[in-house]
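Here are my notes on the two-chain model, as numbered points. Please read them with the structure open.

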Amino acid sequence: MSEVTINTEWLSDCSGCHIAIVDLHEKILSVLQAVKIQRCPVLTDIKDYPPATIGLVSGAIRNEHDRHAAIEMRKSCKIVIAWGSCAVFGGPAGAGNIHTPAEIGRAVYLDNKTTTSANPPSSEVSPLESIVTPIDSVIDVDLYLPGCPPHPAFIFEALSALVEGREPEVNRRTVCAKCKRNMEKTDVSEIKTNSEGLPNAEQCFLSQGYTCMGSVTIDRCLAPCPANGVPCTGCAGATMQILTEPNRDIRTEIAERMSRLTKIDRNVIVSSLERAAKSHYSYTMATSMIGSKPTFHIKKWIEDENADYEAGGVA
Amino acid sequence: MKKTIRIDPVTRIEGHAKVFINLNDDGSLDNAGLVVNELRGFEKILIGMEADRMPHITARICGVCPTAHHIAASNALDYAAGVTTPPAAMLLRELMYMGHIIHSHSLSIFVLQGPDLVMGLDADPAVRNVVGIVQANPELAKIALRLRTIGQKINEMVGGRGTHPVTSVAGGITFVLDQEKKKIIQEWIDEARALLPTVVPAVKGLLLKALDLHPAMLNDWVAPSWGLGTVLNDRVSLIEGKLRAIDETGATMLEFNVDEYDKYLVESVVDWSYMKKVHFKLDGLHEYRVGPMARMNAMRRFGTEMADAEYAEFAKLGGSPCHLTVFQTYAKLVETIWAIERADEIINDPAVWGETRVPVTFKSGRGVGHSEAPRGTLIHDYEIDEKGIIRAANLIVATQQNYAIINRSVEQAAQSHVIGKTDDAALLNAVEFSIRCYDPCLSCATHAVGRMPLEIAITCGGTTVKTINRNN
């Protein structure tokens, strides 16, 4: 068998997916023995794109440089993996799609409380594209590995499978599958924000009136958040059902479950999720599978919320 | 004819950047700088989100120092809600943080800078990486990776996750300590302590060897500047305390609470980079340094035995205050020692078993909080409405504050290692090495912006005569 070579590239992201490789800990040495890492901007000094078996691409397409780098990775690699929630869904930077590049530039450079106002940088830097998109809007992708970052166990499985020449084993379960909390019917009648009160450690967050996204989020994490007292924030992105079925969505699915477990009205839950849509859809709104759903009206929800805020007149 | 040298991308740093070096007609240095080439715009993205999400979503600004954002955001929310964080929660946040420091500094020293130190600045780029270290010095590589692992495991156990921890929330922390977890953490700390007698002399030896080979690093790579860091009980502190500003001589110029930061820190836009510069405003504008060496210059004390002893060694070799760029690597080593000792103190402090979380209600108003990221002071400032929604956000990250000094170092390295020399590729790595000393985190710097590869461009009369990246 010829040597398996790897190129990695980071586009618009936080570099956490690359750190997740180092978080293979002891296993990193066996990975380094099994494959040859070529371009990997955080580890090596190889600055071009040598031909490789596997290409790991993390990050979303935010500017022209990202687009160019994604294309170079596709040209140089036989198998391209969209690695992490930014590459797969757009990730948190995708929440920038609510705003135009000019609005973002204004908030950072022209109208910022500690910045001496000046026009956004214009030389040397790569201009922003009008919207943030996942990498498959620019190149063909062979494997999708969401997660923020994906738990190292999933990265290890993906790499081992490709080295051994087999299909990686992937589950389609939700975060709930690995969560040990008990779903119980309760008399809870109001939705709580995550910082209100102190949640019970054994009971499902939805039963307690907390917005937990575990039931609509694919498990690429092994459910550490609910195990540690924190409701899921959906960082690995939505389940296949939600992505592919037009009549299912993050807010309606959560509302279904929570309204059955509590005494909170389904419509109240839907409306609450819409009002904080920027939080709940932050990781996935840049993918057309969510952003282009006919029922997804995030700009209107945000406008309504802003109108209420302004009418409320917080002095 | 004027010319420009480019390094693109800069590698073995956190994020994407390039470097340009502009030369005058006579071949002398005109100017040089680091270009950060990504913008995400978190200050805009956060508006409209629920405040209680901040510790989780702002961690995503940076995969290298997520814990710094996680804690700065939590501190800002506590401030906004007007709650006093329970002492046990602050201790556990600090314990998570010490794990984070061990991880981040080990990564910077061994994985990012290590190849330059172990194999030399002019080693073959094809082997000048962590795999090369594993081959050249397998014992050191194993120990170094183990130390980083221990740090990340402490961070993960207390934080719930390693990269992008989750347990620190408004009002405290959701992590619950028990005897079993305490025992495991204690074992990790003991193991890390046991690695120090090997790691410390090894790193110091490599550093001194580099100085021997490159006397310019000792004589010319000197950047006197102001410094800023966090002080508590007259010692270095990372997640609570006042900010202390010192001048070039090390004299304290000001101590202030973080909510006054906007009086003293002034950001300015650079037309050729998405990253903004920051100056300290006090009787004029001053360039300043943040990070491990700035903290040591300002406080000169950790309050633990081994770290204070090692700091005395540091001061003997590098001076106090120290302005040697390369000594920032040594400063990371001293802080790593301290982080291990401090973690040990925390896990054995009876106060760690107290109440860890109080319920929180947001009043309409401002929330300001900070942390000392491994690479320097990080500030989060939010306006939160009475429903707990973010209405405005301002973030100042470490690497922005080092930006002016980084550019000075780039010029010094270009002067000593590139200008008038023939072997471009090898010598340009010296420029990158000078940048790596700051452990710049461009993911953070691109909160505002995104990432950073390195390219060096040589221009002459505005025309690029030559672009150098690692492969040509």
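1. Chain contact. Chain B puts 79 residues into the contact and chain A puts in 71. Two residues count as in contact if their C-beta atoms, placed from the backbone, lie within 7 Å. This is a predicted model: local features need pLDDT of at least 70, side-chain atom pairs count only at pLDDT 80 or more, and totals for chains, interfaces and linings use all residues. Residues are numbered from 1 along each chain as its sequence is written, while chains are lettered from A and ligands numbered from 1 in the order in which they are written.

2. What chain B brings. On the side of chain B that touches chain A, the elements supplying at least two residues each include α4, α7 (138-159) and β16 (390-396) of chain B. Helices (H or I, at least four residues) and strands (E, at least two) are DSSP runs, numbered from the N terminus. β10(B) gives the most to this side, with four residues. By class, this side of chain B has 32 nonpolar, 26 polar and 21 charged residues. Ala, Val, Leu, Ile, Met, Phe, Trp, Tyr, Cys and Pro count as nonpolar, Asp, Glu, Lys and Arg as charged, and the others, Gly among them, as polar.

3. Strand β6 (residues 115-116) of chain A runs parallel to β10(B), joined by two bridges. Strands pair if DSSP finds at least two bridges between them. Thr115(A) is opposite Glu267(B) in β10(B).

4. A helix pair in chain B. The axes of α4 (residues 87-112) and α13 (residues 327-347) of chain B come within 9 Å and cross at roughly 150 degrees. Therefore α4(B) is roughly antiparallel to α13(B). The cut-off for that term is an angle over 145 degrees. Axes are lines fitted to C-alpha atoms, for helices over the stretch in contact, and angles run from 0 to 180 degrees between N-to-C directions. The contact of α4(B) with α13(B) has 12 nonpolar, six polar and four charged residues.

5. Domains of chain B. Chain B is divided into domain 1 (1-37 + 410-472) and domain 2 (84-221 + 332-357). These bounds come from an automatic or database domain assignment. In chain B, 15 residues of domain 1 are in contact with 10 residues of domain 2. α15(B) gives the most to the side of domain 1 that touches domain 2, with six residues.

6. Domains of chain A. Here domain 1 covers 4-101 + 132-164 and domain 2 covers 176-312. Their C-alpha centres lie 28 Å apart. The contact takes 21 residues from domain 1 of chain A and 17 from domain 2 of chain A. On the side of domain 1 of chain A that touches domain 2, α4(A) has the largest share, three residues. That side of domain 1 of chain A has 13 nonpolar, eight polar and no charged residues.

7. The sheet in chain A. Five strands form an open sheet in the order β2-β1-β3-β5-β8 (chain A), with parallel pairing. β2 (35-37) and β8 (143-145) of chain A are at the edges with a single partner strand each, so one side of each has no neighbour in the sheet. Neighbouring strands of this sheet are turned by 25 degrees against each other on average, direction ignored. Strand β5 (residues 77-83) of chain A pairs with β8(A) over three bridges, in the parallel sense. Trp83(A) has Leu145(A) in β8(A) as its bridge partner.

Notes
Parallel < 35°, antiparallel > 145°, perpendicular 65-115°, else oblique.
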